[in-house]
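Please look over the structure shown here before reading on. The notes that accompany it are grouped by topic.

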Amino acid sequence: MKVWLQANRTIVLGYGASLISAAGYGTGAVVGRKIVDDYASPLVATAMALVLGSLPLLLLSQRHIANEIDNVPRRAWVMMALAGLASAWGVAFMFLAVAEAPVVLVAPIGGVYPLFVIILMYLFLKRSERITWQTILGAVLVVGGVAAITVGRE
Amino acid sequence: MTGILLALSAALGFAASAVFARVALRQIRVTTGTLFSLVVGAAVVLVIAVALHPSEFVQIGIIGFLWILLYSFLNFPVGRLFNFTGVQLVGASRASTIISASPLFTMVLAISIGGESVNLPIVLGTLAVIAGCGLIVSQR
């Protein structure tokens, strides 16, 4: 077991990080619902959360920022800025969608994004990641499962 | 129909974010990259929020602020930092699929704390999510 863990350290850490992220987003959704019901509009809550969420990351990355500003190519910064903008786009359009249609319809459709990731990776970054049938079938099962859970909760 | 198109646009935004992050994280540390993506996102969302709801920021109160603080911690230092760490280590397609299972955690909380009941679609959905994640994790 120990040998296997050492040999697959990157993969174990990567999947572990993804699961922690899912737990964070999943728990955050419960807290977000409470905020939107009782305290603030989604847009104001998201804006404040983005600012507040930046502060711990500023502490975590402060030792490396100056060095990275000097050494990281501009293209990487542009790509990361686009990642931030695309994510903000996603959040904004999700709020707009919820305003237009029931959550039971919007949430499963918004949840198909892993399938879009697979399509985009295949179209633009084929050489970076191997897309296997297990990846595609796994994504279809998760997207379908999340849709069923959403329908079951409504 | 408008709601469906807007939800698809949202999904495309989330997907594009993972793909752009995948490219950028080859050259930027994950903490710095996450911070930079948050600052860019915050700048855009803050401008829109201030323009549309200027008075709301001062009306939230201490308790509301504390809830938003908790929300920000769960979504960004936890959610997005580990999201980008996963994207960097196992790739965008696999990490995004695992991360998209987050409603499973919401459901567990809703059942254990909120007292929601379990029904057939929830059981089948949970099994499908576990099977899908298992299939992805079991790849060599």
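What follows is a briefing on chain B, its domains and one of its helices.

This is a predicted model, in which local features need pLDDT of at least 70 and side-chain atom pairs count only at pLDDT 80 or more, while totals for chains, interfaces and linings use all residues. Residues are numbered from 1 along each chain as its sequence is written, chains are lettered from A in the order in which they are written, and side-chain values use heavy atoms, with hydrogens and water left out.

**Fold and extent**
- Chain B has 7 helices and 0 strands, where helices are DSSP runs (H or I) of at least four residues and strands are runs (E) of at least two, numbered from the N terminus.
- The C-alpha trace of chain B spans about 50 × 45 × 35 Å along its principal axes.
- The domain assignment, which is automatic or taken from a database, gives chain B domain 1 (28-92) and domain 2 (100-140), and the C-alpha centres of these two domains lie 25 Å apart.

**Burial and contacts**
- Of the 140 residues of chain B, 54% count as buried, that is, under 20% relative accessible area with a 1.4 Å probe and protein chains only.
- Among contacts (heavy atoms within 4.5 Å) in chain B between residues at least 6 apart in sequence, 74% join residues at least 24 apart.

**Helix H5**
- Helix H5 of chain B (residues 92-99) is largely enclosed by the rest of the structure, because 8 of its 8 residues are buried.
- Among the buried residues of H5(B) are B:Arg94, B:Ile98 and B:Ile99.

Definitions and conventions:
Buried < 20%, exposed > 50% of the residue type's maximum accessible area, 1.4 Å probe, protein only.
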